[in-house]
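Hello,

Here is the structure we talked about. Please have a look, then read the notes below.

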Amino acid sequence: MRRVSLVRLSAEIGRSVAALGRLFTEGEVVRPTVRPSGVIYFTLRDRSAQLSVVCPASRARRCRVVHGERVGVTGTLCWSVDRGQLSLSAEEVVPVGAGAIAAALAECRRRLESDGLIGRPTRALPVLPAAIGVICGAEAAVRADIASVVAARYAGYPVVWREVPVSGPGAAECLVGALESLGALGEVEVIILARGGGDAAALLAFSDEELCRAIAASPVPVVSAIGHHGDRPLCDEVADLRCGTPSLAAMAVVPDRAALEAGLAAMLAAASAVVTGRLQGAERDLEQMDMDAALQAGLGLASRRLELAAGALARFDPAGRVAEAARALGGLDWRGPLVRRVAAAGTELEGRRRTLDALDPAGVLDRGYAVVRRLDGTVLRDPSQVTAGELVDITLARGGLRAEVQR
């Protein structure tokens with residue numbers, strides 16, 4: 001018998017569980033609980049076994065959990081060392097069985113309708129797209145069908161392929177990723193989403209809510225060609241065009257080279273016919289034109305214009321206009337405003353002269369005042385600014401003196 005510590009035993013259990021990797025199992029949902037954080041807990045039960053399942057908040061949109069409903073769970077086993085519990089961390093929870101799938105589709109359709117994605121205005125397909133994007137499975141049939149239509153309608157037309165899983169766990173995420181990657185390519189102007197036929201469970205990925213929202217948000221039109229004529233996943237209801245088969249979708253998107261060339265030839269022929277008709281009409285007009293009559297008509301028009309000009313000159317009286325202008329100038333008093341402006345300017349000048357005289361320092365000195373400065377030029381305003389024996393300059397109205405300060 002092997003003896004191991006509890007810590008080591010828990011670690012070995014954890015390693016053994018991790019070695020199982022990603023797995024898929026089915027069972028019945030029992031007592032689902034949604035925490036405020038968005039994490040979903042429930043028990044997955046079968047006839048003789050049960051297992052705790054945890055759906056992280058980041059994966060909750062891909063986990064449909066309804067009590068009593070049979071589901072398929074994709075995820076990995078996790079062993080909690082501190083609590084000694086084994087649980088299944090779910091990446092995806094999908095309904096199993098026709099009734100459960102129908103209920104899930106109806107619920108998803110209601111959400112899409114309430115957001116206006118079903119019945120929205122569709123976008124027109126480009127007549128001559130720079131490149132066509134195609135999302136399909138790795139099976140040869142769908143790609144071969146589309147490739148054969150391309151070869152028949154316009155051999156060598158640029159097509160960008162994305163092969164991804166189209167059913168089973170993780171298929172919806174792969175489809176969303178392929179759609180977004182093609183939409184990000186500037187040259188792809190339309191995308192075909194194609195798959196062969198299958199039952200409701202096999203086509204469930206094409207009714208995924210995130211895929212439907214990605215189709216509606218795609219920057220370019222999306223054509224849905226899923227299954228056969230009777231298959232109607234939800235992506236058909238949000239796509240810009242629904243086609244019954246991948247071949248029909250390719251025929252709707254790939255331009256017909258022969259038809260394009262025929263249309264161009266018809267347009268060139270129509271343009272040539274129009275130009276030829278106009279040239280012939282111009283030639284007939286020239287042939288029917290009487291050059292002498294046209295010349296005479298032109299000369300007559302010129303003569304009438306000359307007569308009108310002569311009449312206008314005859315009515316023009318230069319001498320009268322000059323006399324009228326002289327009379328108008330004679331009536332103007334042009335000297336009066338000038339005299340008034342000169343007088344006003346003289347008055348203003350005299351006022352400014354008196355103001356300057358009043359402010360002139362020499363005038364103040366002339367009234368008996370003097371300005372006393374130190375030898376450095378500082379004007380004295382207080383006896384404390386000088387000392388006994390210091391020489392000062394005295395400025396008078398006429399001339400100046402130098403004196404010695406005595407106390």
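**Salt bridges**

Arg109 and Glu237 form a salt bridge, with their closest N and O atoms 2.8 Å apart. The pair links distant parts of the chain: Arg109 sits in helix α2 (residues 98-114) and Glu237 in helix α6 (residues 235-238), 128 residues apart. Arg109 is partly exposed at 25% relative accessible area. Glu237 is partly exposed too, at 27%. A salt bridge here is a Lys or Arg side-chain nitrogen within 4 Å of an Asp or Glu carboxyl oxygen. Buried means under 20% relative accessible area, exposed over 50%, and partly exposed in between (1.4 Å probe, protein chains only). Helices (H or I, at least four residues) and strands (E, at least two) are DSSP runs, numbered from the N terminus.

This is a predicted model: local features need pLDDT of at least 70, side-chain atom pairs count only at pLDDT 80 or more, and totals for chains, interfaces and linings use all residues. Residues are numbered from 1 along each chain as its sequence is written, and side-chain values use heavy atoms, leaving out hydrogens and water.

The whole structure has 19 salt bridges. Shared partners join Glu107, Arg111, Asp115, Glu209 and Arg213 into one network. Arg59 also pairs with Glu173, closest N and O atoms 2.7 Å apart. Arg59 lies in the loop between β3 (50-55) and β4 (70-80) and Glu173 in helix α4, so this pair ties together parts 114 residues apart in sequence.

**Helix α4**

Which residues of α4 are buried? They are Ala171, Ala172, Leu175, Val176, Ala178, Leu179, Leu182 and Gly183. Seen down the axis of α4, they fall within an arc of 165° (directions from the helix axis to the C-beta atoms), so they line one face of the helix. Their cover includes β6 (131-136), β7 (159-163), β8 (188-195), α5 (209-217) and β9 (222-226). Glu173 is partly exposed, at 34%.

**Two single residues**

Cys243 is in the loop between β10 (241-242) and α7 (246-253). Cys243 is buried, at 8% relative accessible area. Its contacts (heavy atoms within 4.5 Å) are Val223, Ser224, Ala225, Ile226, Leu248, Ala249 and Ala252, not counting residues up to four places away in sequence.

Arg31 is in strand β1 (residues 22-34). Arg31 has a positive phi of about 50° although it is not a glycine. Most residues other than glycine have a negative phi. Arg31 is exposed, at 56% relative accessibility.

Best wishes
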